[in-house]
Amino acid sequence: MKLNEIMAKLEEVAPVALSDGFCKKYEMYDNSGIIINCGKEIVGALFSLEISMPVVEEAKRLGYNLIITHHPAIYGGISRFDLTRNPQAKALAECMKNDISVISMHLNFDAAPDGIDYYLMRGLGGEKAEISAPVQGGGYGRVYSVKEQPFADYVSFVGKTFGSQRVLAYGNPSATVKKVASFCGAGCDNHNMAFAQTHGANVFVSSDMKHHEITALLDSGLNVIVLTHYCAENYGFNKIYLKIKDGLSVPAAYYCRAELL
């Protein structure tokens, strides 16, 4: 199977144009699409949230020559390629040395109608949502109703659903959870905090949150759950993998770093 045929299959889920439209509308930056094209027929694809040497070694072990990531394998411009100090540069060099192509599907997979942000909501118990940053039938950031329960019970439910022992919870354990605001990855900013508050959320879920953001939410009456960045996005990326792997016409596997969940 040719690389552009694999890319076409991935774009059936979320075209790169979705990322382009999202960036234009919300003044953001992304680098989704084919990152490395070694020009070889694809014989197998390894899905991983991000590129690293262990991921490349696993692709080599399996005999696969394509890695599909969510986080862009190259995000900004590269001014130096130091293989002695930069682990990601070393991983990319190893890919090129071994004719392993790389595709990254970032904001388009986040914001797709059935994308990573959507699956985060589903994992957290939501079904229908109001969207903070809508785009082309999907979007980023959601507020939705969930089954009412004590916050302590909800935190336990979240840990079990996402297979994580690193769920941080702030707030009143006995408070009743009714409405949740969630943002995959690092989604806590002034706009999203205000969106959660004005749309009646009483729990805010995201990753990589700063101390002043957590205290501001608590002072506004919202409890807070902080997932690891990997955990919050790996869940949905794996759902997308399961949805499309059988349509790729080449063997596919999924790589998960359990220590980051």
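Reader: Which helices each supply at least two residues of the lining of the largest pocket?

Author: In this predicted model, they are H2, H5, helix H8 (190-198) and H10. The largest share, three residues, comes from H5.

Reader: What is the volume of the largest pocket, and which lining residues are closest to its centre?

Author: The volume is about 370 Å³. The lining has 21 residues, and Phe-22, Met-28, Tyr-140, Ala-186 and Asn-192 are the closest to the centre.

Reader: How does the lining of the largest pocket divide by class?

Author: Twelve residues are nonpolar, six are polar and three are charged. Tyr counts as nonpolar in this scheme, and Tyr-140 is one of the lining residues.

Reader: Which residues of helix H2 are buried?

Author: H2 spans residues 16-26, and its buried residues are Val-16, Leu-18, Ser-19, Phe-22 and Cys-23.

Reader: How do you know that they are on the same side of H2?

Author: Look at the arc around the axis. They cover only 155 degrees, which puts them on the same side of H2. The face turned away from that buried side carries Lys-24 and Lys-25, both exposed.

Reader: What do the buried residues of H2 pack against?

Author: Their partners are helix H1 (3-13), strand E1 (33-36), helix H5 (107-111), strand E5 (130-135) and strand E6 (138-150). Just after H2, Glu-27 has a positive phi of about 55 degrees.

Reader: Why is Asn-234 called buried?

Author: Its relative accessibility is 7%. Buried means under 20%. Therefore Asn-234 counts as buried. Asn-234 is in helix H10. Beyond its neighbours within four places in sequence, Asn-234 contacts Leu-49, Tyr-254, Cys-256 and Leu-261.

Reader: What makes Val-43 partly exposed?

Author: Its value is 46% relative accessibility. Val-43 sits in the loop between E1 and strand E2 (45-48).

Reader: What does Val-43 touch, not counting residues up to four places away in sequence?

Author: Val-43 touches Gly-63, Tyr-64, Asn-65, Val-250 and Pro-251.

Reader: Why does Lys-97 count as exposed?

Author: Lys-97 reaches 67% relative accessibility. Exposed means over 50%. So Lys-97 counts as exposed. Lys-97 belongs to helix H4 (residues 87-97). Ala-111 is 14 residues away along the chain, and the two C-alpha atoms are separated by 33 Å.

Reader: How many residues are in the largest nonpolar core, and which have the most contacts inside it?

Author: The core has 74 residues, and Ile-6, Phe-47, Phe-204 and Ile-225 have the most contacts inside it. Helix H10 (residues 229-244) gives the largest share, eight residues. Another core lies apart from it, with 18 residues, including Cys-38, Ile-100, Val-102 and Tyr-255.

Reader: Which residues does Phe-47 touch, leaving out those up to four places away in sequence?

Author: Phe-47 touches Leu-10, Ile-68, Phe-237, Tyr-241, Ile-244, Leu-248, Ala-252, Ala-253, Tyr-254 and Tyr-255.

Reader: What do nonpolar side chains tend to do in soluble globular proteins?

Author: They tend to be buried together.

Methods: Residues numbered from 1 in each chain as written. Predicted model: local features only at pLDDT ≥ 70, side-chain atom pairs only at ≥ 80, totals over all residues. Heavy atoms only, no water. Buried < 20%, exposed > 50% of the residue type's maximum accessible area, 1.4 Å probe, protein only. Helix = DSSP H or I, 4+ residues; strand = E, 2+ residues; numbered from the N terminus. Arc of directions from axis to C-beta. Contact = heavy atoms within 4.5 Å. Core = buried A, V, L, I, M, F, W, Y, C linked by side-chain atoms within 4.5 Å. 1 Å grid on protein atoms, 1.4 Å probe; cavity = no way out; pocket = protein on both sides within 12 Å on 5 of 7 lines; lining within 4 Å. Points joined across faces, edges and corners; volume = space filled by probe spheres on them.
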